[in-house]
Amino acid sequence: MRQVPFHRPFIGPEEEAEVIDTLRSGWITTGPKVKRFEREFAEYVGARRALAVAHCTGALHLALFGLNIGPGDEVITTPFTFTATAEVMGYQGARPVFVDIDPVTFNIDPVRIEEALASGRHKQVKALMPVHFAGQACDMDRLRAIARRHSLKIIEDAAHAVGSAREIEGRGMVRIGTLSDLTCFSFYATKNITTAEGGMITTEDDALAERIAVASLHGMDRDAWKRYDSSGSWYYEIHDTGFKYNLSDVHAAIGLAQLKRSDEFMRRRAAIARTYNEAFAADSALETPVTEPGVEHAWHLYVLRLRPEHLRIDRNRFVELLRAKGVGTSVHCIPLHTMHVYQERYGYRAGDFPVAEEVFSRCLSLPIYPAMSPEDVSYVCETVLALAREHRR
Ligand SMILES: Cc1ncc(COP(=O)(O)O)c(C=O)c1O
């Protein structure tokens, strides 16, 4: 039986060569490869500044820190995300204010943001943290208009969105990475490009970039990493609160090679999504994802929804049966407000965000990655369709 795991990284000779070059260079932690990766990533998304960090979680934390979001502050975000998005607010003593998602894109619903701001219940909102869910860019024109009206900062959680773009008023199609105060990307193993673990923060604001760069390495001078090299000095100053969020050159080496292949990866992901969409379109038990006009989807995830009225089995059983046939899947996302820590700490309850809960109850993520062969993609299509047929109501 064919086995199609949920994810397999696409690492080739280019990544191997860059990593070996780094290992043999005599410098393996933050150094010249990180600098090059930052420069090339900034160029790729069109950003003025890019700062490489250990992971997107650290990037999001540094973004909050950089914007002075602290105890008692509130940040409006989506419950339909990975815990990292909201977890970092807790690091700063800030509070996540969840609002429900749009039922078509699964992105944060701007109408619900406006409602939360108008409700009078949230007087300390300092920022919005939208997530470009699955790689479909949020409506940044609308989010930016809300932020302007209410004097809020925007930190984009672009963990899924390397390469995503969206039509922006007056600018045409713009890649995610330059549309808000700070944008945070992930290079986790399953992401569109990977460094095994890693992240990047982009910004157009030099002062903010400097503050975050210093904070990302213990609050030391920006070039303290040079202190062991012949050009460096042993002396360093600690300027401010700091964290240990730097990326190593070994990780950056993988990223440099992956970045060169990013457009090719995205095309392959889009081709798989098209194949799935065409295969599942006519099946009444399956609901394919919808891409909004003016969006260039990065297809980090392919989120299929089941229609329970047409099936005798639920999502969990569907996932189990796919696994038994060798198809790995996952579920994105378990709404955060249904999880213990968010209920205990912030008082959220199941039922608070019905759209997120409804989508969660019937969604599953199918394998979508450039290392998939055409036979893998066909096998996933056939297996999903066979299960839907066999268990149709
Ligand atoms: C939406 C979202 N935000 C943040 C993260 C955290 O990324 P990292 O693993 O690079 O810290 C993830 C990781 O899966 C994610 O899906």
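**View 1. The shell around the ligand, by residue class.** The shell around the ligand in this predicted model comprises six nonpolar, seven polar and two charged residues; Ala, Val, Leu, Ile, Met, Phe, Trp, Tyr, Cys and Pro count as nonpolar, Asp, Glu, Lys and Arg as charged, and the others, Gly among them, as polar. T57, D157, H160, S186 and K191 come nearest of the 15 residues around the ligand, where a residue is near a molecule if one of its heavy atoms lies within 4 Å of it. At least two shell residues each are supplied by α3 (56-66) and α4 (84-91), helices being DSSP runs (H or I) of at least four residues.

View 2. Polar contacts are pairs of N or O atoms within 3.5 Å. A polar side-chain atom of D157 is placed 2.7 Å from a ligand nitrogen atom. An N or O atom in the K191 side chain lies 2.7 Å from an oxygen atom of the ligand, and a backbone N or O atom of C56 lies 2.9 Å from a ligand oxygen atom. Of the 390 Å² of accessible area that the ligand has on its own, the protein covers 90% (Shrake-Rupley method, 1.4 Å probe).

**View 3. V125 in strand β4.** V125 belongs to strand β4 (residues 125-129), strands being DSSP runs (E) of at least two residues. V125 is buried because its relative accessible area is 12%, under the 20% limit (1.4 Å probe, protein chains only). The C-alpha atoms of V125 and D73 are 6.1 Å apart, although 52 residues separate the two along the chain.

**Notes.** Residues are numbered from 1 along each chain as its sequence is written, and side-chain values use heavy atoms, leaving out hydrogens and water. In this predicted model, local features need pLDDT of at least 70 and side-chain atom pairs count only at pLDDT 80 or more, whereas totals for chains, interfaces and linings use all residues.

Notes
A polar contact is a pair of N or O atoms within 3.5 Å; within protein, one must be able to donate a hydrogen and the other to accept it, and residues adjacent in sequence count only if both atoms are side-chain atoms. Buried means under 20% relative accessible area, exposed over 50%, partly exposed in between (1.4 Å probe, protein chains only).
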